Amino acid sequence: MTSEIQENTTETPLLPHPDSQQTAFFFDVDGTLAEIRDEPDAVTIPPEVRQHLQTLFAASSGALALISGRPVEQLDQLVAPLILPAAGVHGAEMRDGAGEFHRVTLPAQMAKDVEQTLEAGMSALPGTLLEIKGMAFALHYRQAMQHQQHVLELAESVVATYPELVLQPGKCVIEIKPRGKDKGVAIYDFMQQPPFAGRLPVFVGDDLTDEKGFEVVNAMKGISVKVGEGSSLAQYRVKHVSDVHQWIKRLQRHESISHSSHIPKESNL
């Protein structure tokens, strides 16, 4: 069990194949189920992967959820026609296993003031993109890396003004979200309710935003999988999104294999 971020990890392309009837599956989306694109609207999940998710959702009796920084509405569009349990905006939005929807909201005037401040600041940084999520804001600089420090300073100034908000760094993005909400909290909340409760949690993610999820899953003796490079709390690692796709496909053929098999784990350095 890893307890701190690993600086050196060993790739484990052959992942465990837990019994889906005993497992709660959690997947990040961008960089995990879908390739990252310059524009968030350009992201797609291949049809065959959506089909495999549907099969796994059924095999696990509904214990499969998306855990993402995207709003739930966007997640629904990406996996359509599926309607899955989901935590959006890092848990600020949640559709639970019973289909009930929960959302954290910001005071209307605060949301308006933050939006205006960020629009003014980002407009002065050509090539950056402000994504407004209602109760959260994503400041993208993937196509304007020269503005990374300016974007960080802008986000920090907003959080300093509104202590109800907190920063969440990601890949070429800095998000501002409600304090007390993250992917770890979202996974923990799912695990307290049916059909997730009492199962082995599995979480696959690729970004800094997913580390809170890995931490919670590790504490629950579950399976955590990092996609791509970078230090991580995750126990397992694969290189590419396509490896995740292949693993999901294989899960349908290995539902009875326990995660405690002989598959090698990361070195604990």
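How many strands form the open sheet, and in what order? The sheet has 8 strands in the order S5-S4-S3-S2-S1-S10-S11-S12, with mixed pairing. Strands are DSSP runs of E with at least two residues, helices are runs of H or I with at least four, and both are numbered from the N terminus. Two strands pair if DSSP finds at least two bridges between them. Strand S5 (101-103) and strand S12 (236-238) are at the edges with a single partner strand each, so one side of each has no neighbour in the sheet. On average, neighbouring strands of this sheet are turned by 15° against each other, direction ignored.

The model is predicted: local features need pLDDT of at least 70, side-chain atom pairs count only at pLDDT 80 or more, and totals for chains, interfaces and linings use all residues. Residues are numbered from 1 along each chain as its sequence is written, and side-chain values use heavy atoms, with hydrogens and water left out.

Within the sheet, strand S3 (residues 86-88) and strand S4 (residues 93-95) run antiparallel and are joined by 3 bridges. Gly88 stands opposite Glu93 in S4. Helix H6 (residues 211-219) packs on the sheet, where it touches strand S10 (200-205) and strand S11 (223-227). The direction of H6 makes about 155° with that of S11. Axes are lines fitted to C-alpha atoms, for helices over the stretch in contact, and angles between N-to-C directions run from 0 to 180 degrees. Contact means heavy atoms within 4.5 Å.

H6 also packs with helix H5 (residues 183-190), at an angle of about 40° and with the axes 6 Å apart. That makes H5 oblique to H6 (under 35 degrees is roughly parallel, over 145 roughly antiparallel, 65 to 115 roughly perpendicular, the rest oblique). H5 contributes Lys183, Gly184, Ile187 and Tyr188 to the contact, and H6 contributes Lys212, Gly213, Val216 and Val217.

The structure holds 6 aromatic pairs, including the two tabulated here. Rings of Phe, Tyr and Trp (its six-membered ring) pair if their centres lie within 6.5 Å; planes under 30 degrees apart are stacked, over 60 edge-to-face, and the rest tilted.

| Pair | Centre to centre | Angle between planes | Class |
|---|---|---|---|
| Phe190 and Phe196 | 5.0 Å | 50° | tilted |
| Phe203 and Phe214 | 5.4 Å | 50° | tilted |

The pair of Phe203 in strand S10 and Phe214 in helix H6 links distant parts of the chain, 11 residues apart. Phe203 and Phe214 are both buried (under 20% relative accessible area; exposed is over 50%, partly exposed in between; 1.4 Å probe, protein chains only). Phe190 and Phe196 are buried as well. Ring pairs also link Phe25, Phe27 and Trp247 into a cluster.
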